[in-house]
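I opened this entry to keep track of what I looked up, one topic at a time. Here is what I had on screen.

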Amino acid sequence: MLTSSTLESRLSIQRPSPLQPFTPDWPGAQHLRLFIKRDDTLHSIISGNKWRKLSEQLVQCSSLPTHIVSFGGGYSNHLHALGYLCGQLGILFTAIVRGDYSQNLTPMLHDLQRWQSKVCYVSRIEYQQRNHPDYLHQLGQRYPDSIIIPEGGSNQTALHGVGQIIKELRTQTENIDAIIAPVASGATLAGLAQYCAIQPSFERTQVIGIAVLKGVDYLESLVSNLLTHTLENWHIEHQYCGRGYAKADAEVLELCTQMHHQYDIPIEPVYSGKLFLAMKKKIAAGDFAPGSKLVLLHTGGLQGNRN
Ligand SMILES: *Cc1c(COP(=O)(O)O)cnc(C)c1O
């Protein structure tokens with residue numbers, strides 16, 4: 001029997017991740033109780049929400065798969081986490097990557113090569129089919145005995161792994177008014193919302209997503225489609241995505257530097273930088289009632305910080 005704790009000890013995942021009080025000198029922050037859930041510290045490589053999303057998918061296999069296939073872009077934190085994990089556990093890994101980086105490897109792709117992953121570059125057109133049943137069927141024939149994990153590791157099973165965050169928080173503090181997390185595919189947000197809804201002490205907790213992609217008005221439907229039933233305890237804020245995914249504004253970069261130097265908390269501009277900047281602005285705008293207890297989820301992803 002495969003359990004998440006056996007996997008976590010084989011991979012040296014440090015659970016639970018700490019819940020750290022955060023007292024920035026931001027305008028308005030003195031009236032709030034802020035905490036950071038440091039999922040970036042789960043592991044130096046398999047960091048943040050990517051482990052949360054993958055753990056249950058591996059456990060559900062009952063014995064370790066021999067081959068995993070998954071999808072992502074050239075900087076994907078998900079492929080990076082999965083490539084390392086497969087290397088450590090002796091699982092063959094095929095990464096289907098959008099676009100051809102063969103002449104121009106990103107740091108992430110260099111790592112995959114080092115970890116003996118098989119990288120398969122596909123056109124944007126082919127990549128668009130990544131969730132299509134016919135395409136998945138073809139992949140299943142090309143790679144028999146493999147399990148295929150969707151982009152970002154995001155599916156309904158992933159929600160149960162994300163639920164571990166809520167279970168840990170329950171033992172770390174109480175009466176949380178809101179949990180705030182960055183959103184790309186929505187699986188992390190969906191998992192937080194679903195598990196808050198079923199944990200008695202989190203019934204009143206609001207889950208707030210900060211969109212990191214620009215102009216993506218279907219994010220809400222991604223989250224609803226992952227949820228098994230309709231919930232009212234979450235929403236997504238779209239005005240903090242800046243110029244869009246992976247396009248860092250000077251403001252975000254400046255905050256990343258400040259967080260690192262002033263508070264010793266490393267963040268990166270694609271996800272956590274936007275989360276923290278959004279929080280700084282929301283707090284200054286008085287969006288939270290005085291005395292609110294807020295938990296910011298640091299989803300990790302620091303590997304994406306390299307150029
Ligand atoms: C992938 C990722 C996210 C987005 O999570 P979703 O579940 O896809 O919404 C957030 N933060 C980091 C660091 C990530 O790598």
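Predicted model: local features only at pLDDT ≥ 70, side-chain atom pairs only at ≥ 80, totals over all residues.

In what order do the strands of the open sheet of four strands come? I read 5-4-3-6, and the pairing is parallel. I count strands as DSSP E runs of at least two residues and helices as H or I runs of at least four, numbered from the N terminus; two strands pair if DSSP finds at least two bridges between them. Strand 5 (118–122) and strand 6 (146–149) each have a single partner strand and stand at the edges, so one side of each is left without a neighbour in the sheet. On average, neighbouring strands here are turned by 20° against each other, direction ignored.

Residues are numbered from 1 along each chain as its sequence is written, and side-chain values use heavy atoms, with hydrogens and water left out.

I followed strand 3 (residues 67–72) and strand 4 (residues 92–98), which pair in the parallel sense over six bridges. Valine 69 has threonine 94 in strand 4 as its bridge partner.

I then looked up an open sheet of six strands, with mixed pairing and the order 1-2-10-7-8-9. Its edges are strand 1 (19–22) and strand 9 (234–237), each with a single partner strand, so one side of each has no neighbour in the sheet. The twist averages 25° from one strand to the next.

I checked strand 8 (residues 206–211) against strand 9, and they pair in the parallel sense over four bridges. Isoleucine 210 stands opposite glutamate 237 in strand 9.

Which helices did I find on this sheet? Helix 9 (residues 219–226) lies across strand 7, strand 8 and strand 9, at about 155° to strand 9. Helix 11 (residues 272–284) packs on the sheet too, touching strand 1, strand 2 (33–38), strand 7, strand 8, strand 9 and strand 10 (293–298). The direction of helix 11 makes about 160° with that of strand 10. For the terms, contact means heavy atoms within 4.5 Å; axes are lines fitted to C-alpha atoms, for helices over the stretch in contact, with angles from 0 to 180 degrees between N-to-C directions.

**Around the ligand.** Which residues come nearest to the ligand? Of the 15 around it, they are Lys50, Asn77, Ser185, Thr188 and Thr299 (near means a heavy atom within 4 Å). The shell divides into five nonpolar, eight polar and two charged residues.

I went through some polar contacts (pairs of N or O atoms within 3.5 Å). A ligand oxygen is 2.7 Å from a side-chain N or O atom of lysine 50, and a ligand oxygen is 2.8 Å from a polar backbone atom of alanine 184. A ligand nitrogen is 2.6 Å from a side-chain N or O atom of threonine 299. The protein covers 97% of the 380 Å² of accessible area that the ligand has on its own (Shrake-Rupley method, 1.4 Å probe).

**Two backbone spots.** The peptide bond from arginine 15 to proline 16 is cis, with omega near -5°; proline 16 is in the loop between helix 1 (4–11) and strand 1. Aspartate 145, a residue other than glycine, has a positive phi near 65°, and I found aspartate 145 in the loop between helix 6 (133–142) and strand 6.

How values were computed. Polar contact = N/O pair within 3.5 Å; in protein donor to acceptor, adjacent residues only side chain to side chain. Nonpolar A, V, L, I, M, F, W, Y, C, P; charged D, E, K, R; others polar.
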